[in-house]
Amino acid sequence: MTTPWTDWDHVLKVDPDKELVAGETFDDVCATGTDAIEIGGTLDITAEKMERVIEACAKHDVPLYQEPSMPSVVVEDDALDGYLIPTVFNAGDVFWVTGAHKEWERIADIAWERTTTEAYIVLNDDASVAELTDADTDLTADDVHSYAKVAERLFGQDIVYVEYSGTLGDPDVVQAAQDGIDEATLFYGGGIHGYDAAYEMAQHADTIVVGDLLHDEGVDAVRETVKGAKEA
Ligand SMILES: CC(C)=CCC/C(C)=C/CC/C(C)=C/CC/C(C)=C/COP(=O)(O)OP(=O)(O)O
Ligand SMILES: O=P(O)(O)OC[C@@H](O)CO
Ligand SMILES: [Mg+2]
């Protein structure tokens, strides 16, 4: 697989289970200046909801990736540039480390050349993803540093994802992950609601991911975060 994310400063994560702000369309979403759109969420995701977003974004140039939360929601669509498959390094339930992946291979014909994993370190205990995966979120910056390092060195991960979904994380923890990796790309996501948070987190991560802001405040707010990420 090629590694286009090495050039990404900003990713917009569209939750197919959530509405856009009234009056906004996916044409507006694709015109925010983000480097890529990732389609995914933890709760109440279906293949049909995924398909709706893909179709609405298909005619635009912005790279489009699916981030499935379960094997059953993966869709095949030529409009997709690829699949970013989470594996949760600090999950309490091994299903979210390798089990779902085994199950996916069992039922599907995987497009390997367009598929890569994201080594998640889930840190907000209140997020659905933490509950679902029974993640051990009680981690020090040293723990996160070590997870990031083994993700790259031992497990060959090309993307490490520090995930604070729903809340703004600790920049020192993000930096600890960055200090643990060499070649891998560090994604940071969680609670980025404006220029300042985007600018700050982009000092520590290679790529920042903005999610709920799109659904809560809309495309103008997202555009500010793109600016913050690009100017960092
Ligand atoms: C093997 C395949 C195809 C799938 C399994 C993939 C795995 C391991 C998923 C586990 C982690 C997960 C559910 C990732 C989805 C992306 C994500 C973290 C979205 C953010 O979710 P939240 O913000 O917690 O949830 P809501 O916004 O839906 O409440
Ligand atoms: O929704 P927010 O808090 O922006 O988080 C973004 C992303 O990391 C979620 O997977
Ligand atoms: Mg969320």
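Colleague: Does D138 count as buried or exposed?

Modeller: This is a predicted model, in which local features need pLDDT of at least 70, side-chain atom pairs count only at pLDDT 80 or more, and totals for chains, interfaces and linings use all residues. Residues are numbered from 1 along each chain as its sequence is written, chains are lettered from A and ligands numbered from 1 in the order in which they are written, and side-chain values use heavy atoms, leaving out hydrogens and water. Buried means under 20% relative accessible area, exposed over 50%, and partly exposed in between, the areas coming from the Shrake-Rupley method with a 1.4 Å probe and, for residues, only the protein chains shown as cover. D138 has a relative accessibility of 69%, so D138 counts as exposed.

Colleague: Where is the place of D138?

Modeller: Helices (H or I, at least four residues) and strands (E, at least two) are DSSP runs, numbered from the N terminus. The place of D138 is in the loop between α4 (128-133) and α5 (141-153).

Colleague: Which residues gather in the patch of negative charge on the surface?

Modeller: A patch is made of residues with over 30% relative accessible area and no salt bridge, like charges being joined within 9 Å and nonpolar side chains (Val, Leu, Ile, Met, Phe, Trp, Tyr) within 5 Å. Lys and Arg count as positive and Asp and Glu as negative, while His and the chain ends are not counted. Each charge is placed at NZ of Lys, CZ of Arg, CG of Asp or CD of Glu. The residues that gather here are D93, D125, D126, D134, D136, D138, D142 and D143.

Colleague: What is the phi of D134, which is not a glycine?

Modeller: Most residues other than glycine have a negative phi. D134 is exposed because its relative accessible area is 52%, and its place is in the loop between α4 and α5. D134 has a positive phi, of about 55°.

Colleague: Where is D44, another residue with a positive phi although it is not a glycine?

Modeller: The phi of D44 is about 55°. With a relative accessibility of 54%, D44 counts as exposed. Its place is in the loop between β2 (36-39) and α2 (47-57).

Colleague: How many salt bridges does the structure hold?

Modeller: A salt bridge is a side-chain nitrogen of Lys or Arg within 4 Å of a carboxyl oxygen of Asp or Glu. One of them joins K18 and D15, with the closest N and O atoms 3.6 Å apart. The number of salt bridges in the structure is 11.

Colleague: How far apart in sequence are the parts that K230 and D9 tie together?

Modeller: The side chains of K230 and D9 meet in a salt bridge with an N to O distance of 3.2 Å. K230 lies in helix α9 (residues 219-231) and D9 in the segment before β1, so the parts tied together are apart in sequence by 221 residues.

Colleague: Which residues are linked with K230 in a network of salt bridges?

Modeller: K230 is partly exposed, because its relative accessible area is 39%. D9 counts as partly exposed too, at 27% relative accessibility. The residues linked with K230 in the network are D9 and D35.

Colleague: Are K13 and E67 buried or exposed?

Modeller: K13 forms a salt bridge with E67, the closest N and O atoms being 2.9 Å apart. K13 lies in strand β1 and E67 in the loop between β3 (64-66) and β4, so the pair ties together parts that are 54 residues apart in sequence. Both K13 and E67 are buried.

Colleague: Which residue of β2 is the bridge partner of L12?

Modeller: Two strands pair if DSSP finds at least two bridges between them. β1 and β2 pair in the parallel sense over four bridges, and β2 also pairs with β3 in the parallel sense, over three bridges. A36 and E38 point one way from β2 and I37 and I39 the other way, and all are buried. The bridge partner of L12 in β2 is I37.

Conventions:
Buried < 20%, exposed > 50% of the residue type's maximum accessible area, 1.4 Å probe, protein only.
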